[in-house]
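This briefing covers salt bridges, a helix contact and strand pairing.

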Amino acid sequence: MTRQRGLPGDASKPAFVFALIFFVLAAGILIAGWFSYRKSAQHFRAEVERELSAIAELKVGELVLWRQERLADGGIMFKNATLSALVRRVVEKPADADAQRKLQNWFGKYEAHYQYDEVRLLDTQGVTRLSAPAGLPAVTAEVVEHAAEASRSGQVTIQDFYRSTHDQQIRLAVLIPILDEADGNRPLGVLVLCIDPAKYLYPFIQRWPTPSATAETLLVRREGNEAVFLNELRFQTNTALNLRSPLDRVTMPAVQAALGREGIMEGVDYRGVPVMAALRTVPDSPWALVARIDAEEVYAPLHTQLWQVIVMVGVLLFSAGAGVGLVWRQQRVRFYRKEAESAEELKASEELFRTVSLSVTDIVYEWDLKETLIWYGNIDGIMGYPPQGFPRTLGGWATTLHPEDKERVWKAVEGQLKGATPYALEYRIRNKNGEWRWWSARGTALRDGRGEPYKWIGAISDITEHKQEEQTLLKSRKAALNIMTDAVEARDRAEQMSKALRLKNLVFDASIAANSIADMNGNITEANEAFLRVWGYPSKDEVIGKPLLHFVNDYNDAVAIVTALNSTGQWEGDYLAKRKDGSTFVAYGLATTIKDEKGTVIGYQSAVMDVTGQRDAEKELKKHRDHLEQLIAERTEDLKKSEERFRTVADFTYDWEYWADAQRRLLYISPSCERITGYTQEEFYKYPTLIDTIVHPDDLGVFQAHVDDYHIGTKRTDSTDWSFRIIDSRGNMHWIGHVCRPITGEDGTYKGRRVSNRDITEGKKAEMAIQGFNESLRRNNAELQALNSELEGFAYSVSHDLRAPLRTIDGFSHALLEDYEDKLGVQGKDYLRRVRASTQRMAQLIDDILKLSRITRSEMNIEKVNLTQIAWSIIDELQKSQPERLINIKIAEGLEDTADPRLMRVALENLLGNAWKFTGKQSEAVIEFGSTKEGEKKVYFIRDNGAGFDMAYADKLFAPFQRLHTTEEYAGTGIGLATVQRIARRHGGKAWAEGQVDKGATFYFSLQ
């Protein structure tokens, strides 16, 4: 069997294939490198954004806290009664030196202790009355305007950044309106606490928590169509309130912040330099904050990383090219070798073909489409069989096929036989030794004139080595890609760890707790300055690498800590720690495990505080308590006094109680101290003199003298009960009821004192209100008495002055009627009679007014009064005056009460007289006097069936000179019921009435 020589151009096909493979590999490497760089860039940018956001949030939080502290400083002096009183004295009496001195003392304390640059008092006109330091010039018009707004609003406010006129420095101010609570919150002035931001605010804004060559923080606000920079900048001087930018420069982060935008943006800063910035608004203020860093600094690490990726991609491209070139060269060598073998075959005859075919790697075969296979070539040697040992039948050959390839081979054969697909594939076949070899098989079916296949001719090539080389190349490529991926991931992890470490250090290094980190073996890998200070080590070099056991005094404590961490992941408690010099201290620690992103424990971290003093104090306190209990138990002679003191303390358990020893050291203070003073137990223990500082300045001298009486004086056996004032942490004043009891030993030596303080502010306020009310009532009574005296004198004067002309008019009228009766006509006589009636009525009115006045002013003589007896005596007098009237009188028996008998007779005379008068037109008149109950109060009534009245006019009945009937119908002046009402009120009661027209009326009165 022969075959044709291959054309020279056939060699280009493998070259093209290998070139294609190289380009695919190169494209894959470039794409992988690009995506790796892009992913790293995105991750890096996200980290930078998180860092900028964290710093911006930190700055904003501290600015909010700073503003709240300033408002709290103002709140201490806002609505402070003592301060308002002093300001009122200074404003109303500028020469009051004592008030000025006390105010100046307060101002000096605020200036010194609260870090205010200036403190001044403005009156309602904006004039500076007092200042610290003294002699400050007038404030700017802007401050005066804001002070007036604060005074109108009645609220503590912060005046934003402004420029002072006398020194051109930038200031802020806390404006505190001073109100006169005793005069309806009348404005007295405004207290101005000036702040120099260059000392207290700019340094904080300019601080950046991590090393950076370009990072800075900007504070801006919006004014009209401009964004104004409020602080001094890093790369430009004299910028505060001077540097401005129009709001249409939207690429500038400061402008976007002034417009209220929040978040991350890239833009151009005031220098025209590209930057990345985090924008935040500061709550409850006109401020906006910008935390920015130059884009060049942000992306500098990425540029370095880009070169690293380029170098790595170049190395991988070179490796891929070298590998593909090597394989391509081997294929070219094999190609030319095959061409040489083909040329030899062409020269040989069919007989020599079989001989030559034994020395080539390709095998030619024939298949009769049944069972017979004829192999041309050294098939037996290639497959490791003895001569004629390799199967020459289709079934035998099929047994050598790899099970996974059988179905694929038969489908290819069937496709060729049907003329549907060419037969060219690779499959595995087993040699004599059981090893799998790779064959590349080609074949075609020979067909007759009808197109029916009658024979199959094909060739196979052993490509096992090529497959191995291909696998090696693929493994090399995969290994190279894995190396690159691992390198990128390692760099990403390093970047993440670096960023996390920087952020961690912000808290880790600045903490007051002794922080440390240990690896899985318990060896210290990191510690902060507090750790070195607490354990007494001068540098970290002496700490790093040492095991935890080195810092714990007791080995069992260390084992317990590690065991708890490994079992629960955390531990908290006390243990005995050992310093470098061998000394020990009580440490309170909190430790947790450190886990990686997979949740695997990779180390430990802990925070420790030295609580030796606190634990010693607790032991000392327990010791004192135990000692005190022992003394109480042993002292049987003073048992009653001890029980009395104990009951006193028990009564004050809800109040602020503390114990002090003979050296004035605070041994115990109750938790109620925080409820009353606003300060916690820890603050009192930390600052023993805090009690003195919260006492009101006006009471401080007396308080200190009281304490000295116990500690350096002679008053060590007597108890003291008194009261004083304090100013709590919020600036509110409280009155304190103070009970102080000395504690002495068996030998009479002074051991200390026990104090109970009760908040009696509400009681004091009520007491002062009552005192003020009593004083006002006393003044009103004095004024009323004076007015009553004047009224009495006026009434007598009017009575005297009016009676004389009335008597004259009446007398001359009577004389005219008697002496000139015959000369007067009927009409003239009628006129004179009317004149006399009017003058007599006027005289009666004057008498009634005088009676009413005497009833109101006369002294009362309260005693037991028999009202039934008084009523019957009045009825007897009325019946004697009109004996012809028959009236059914009903007066209840046993009506008695405590009252003034003279006034009760006047009241009953008016009430029974009215009932007698208004039943005059009844044929069967009925008058009843009795009592009833209205709740728990006793009420008396007088009922009749006379003329009655319309209830619409009931409120007019008890007013003086108010009448519901004419004098022609019923006589009277309209003063009687007014007299009854005043008598009832003087006894603590009241009078009222019910009635219907022509159906009678009922008049009620109560006495108390």
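Two strands are taken to pair if DSSP finds at least two bridges between them. Helices (H or I, at least four residues) and strands (E, at least two) are DSSP runs, numbered from the N terminus. The model is predicted, so local features need pLDDT of at least 70 and side-chain atom pairs count only at pLDDT 80 or more, while totals for chains, interfaces and linings use all residues. Residues are numbered from 1 along each chain as its sequence is written, and side-chain values use heavy atoms, with hydrogens and water left out.

**Sheet with β6 to β11**

- Six strands form an open sheet in the order β8-β7-β6-β11-β10-β9, with antiparallel pairing.
- At its edges stand β8 (244-246) and β9 (263-268), each of which pairs on one side only.
- From one strand to the next the twist averages 35°; axes here are lines fitted to C-alpha atoms, for helices over the stretch in contact, and angles run from 0 to 180 degrees between N-to-C directions.
- Strand β7 (residues 226-229) runs antiparallel to β8 and is joined to β8 by three bridges.
- Within this pair, A227 stands opposite S245 of β8.

**Sheet with β22 to β26**

- A second open sheet has five strands in the order β23-β22-β26-β25-β24, again with antiparallel pairing.
- Its edge strands β23 (666-669) and β24 (720-727) have a single partner strand each, so one side of each is left without a neighbour in the sheet.
- Eight bridges pair β24 with strand β25 (residues 733-744) in the antiparallel sense.
- The bridge partner of S723 in β25 is G737.

**Hairpin β19 and β20**

- β19 and β20 make a hairpin with five residues between them, and G582 in the turn has a positive phi of about 95°.
- Strand β19 (residues 570-578) is joined to strand β20 (residues 584-595) by nine bridges, and the two run antiparallel.
- K578 has T584 as its bridge partner in β20.
- Buried means under 20% relative accessible area, exposed over 50%, and partly exposed in between (1.4 Å probe, protein chains only).

**Helices α25 and α26**

- The axes of helix α25 (residues 901-918) and helix α26 (residues 976-986) come within 9 Å and cross at roughly 145°.
- This crossing of α25 and α26 is left-handed, meaning that the near helix is turned anticlockwise from the far one by less than a right angle, with clockwise being right-handed.
- L903, V906, A907, N910, L911 and N914 of α25 make the contact with G976, L977, T979, V980, I983 and R986 of α26, contact meaning heavy atoms within 4.5 Å.
- These residues divide into seven nonpolar, four polar and one charged; Ala, Val, Leu, Ile, Met, Phe, Trp, Tyr, Cys and Pro count as nonpolar, Asp, Glu, Lys and Arg as charged, and the others, Gly among them, as polar.
- Eight of the eleven residues of α26 are buried, including L977, V980 and I983.
- G988 follows α26 and has a positive phi, near 85°.

**Salt bridges**

- The whole structure holds 47 salt bridges, each a side-chain nitrogen of Lys or Arg within 4 Å of a carboxyl oxygen of Asp or Glu.
- D98 and R101 form one with an N to O distance of 2.7 Å; both lie in helix α3 (residues 97-113), three residues apart, about one turn of the helix.
- D98 is partly exposed at 29% relative accessibility, and R101 is exposed at 52%.
- A network of salt bridges links R89, D96, D98, R101, K102 and D698.
- D160 meets R221 in a salt bridge, with the closest N and O atoms 2.7 Å apart.
- D160 is in strand β3 (residues 157-163) and R221 in strand β6 (residues 216-223), so this pair ties together parts 61 residues apart in sequence.
- D160 and R221 are buried, D160 with a relative accessible area of 15% and R221 with one of 10%.
- E928 and R943 form a salt bridge in which the closest N and O atoms are 3.2 Å apart.
- E928 lies in strand β30 (residues 925-934) and R943 in strand β31 (residues 937-944), so this pair ties together parts 15 residues apart in sequence.
- E928 is partly exposed at 25% relative accessibility, and R943 is partly exposed at 31%.
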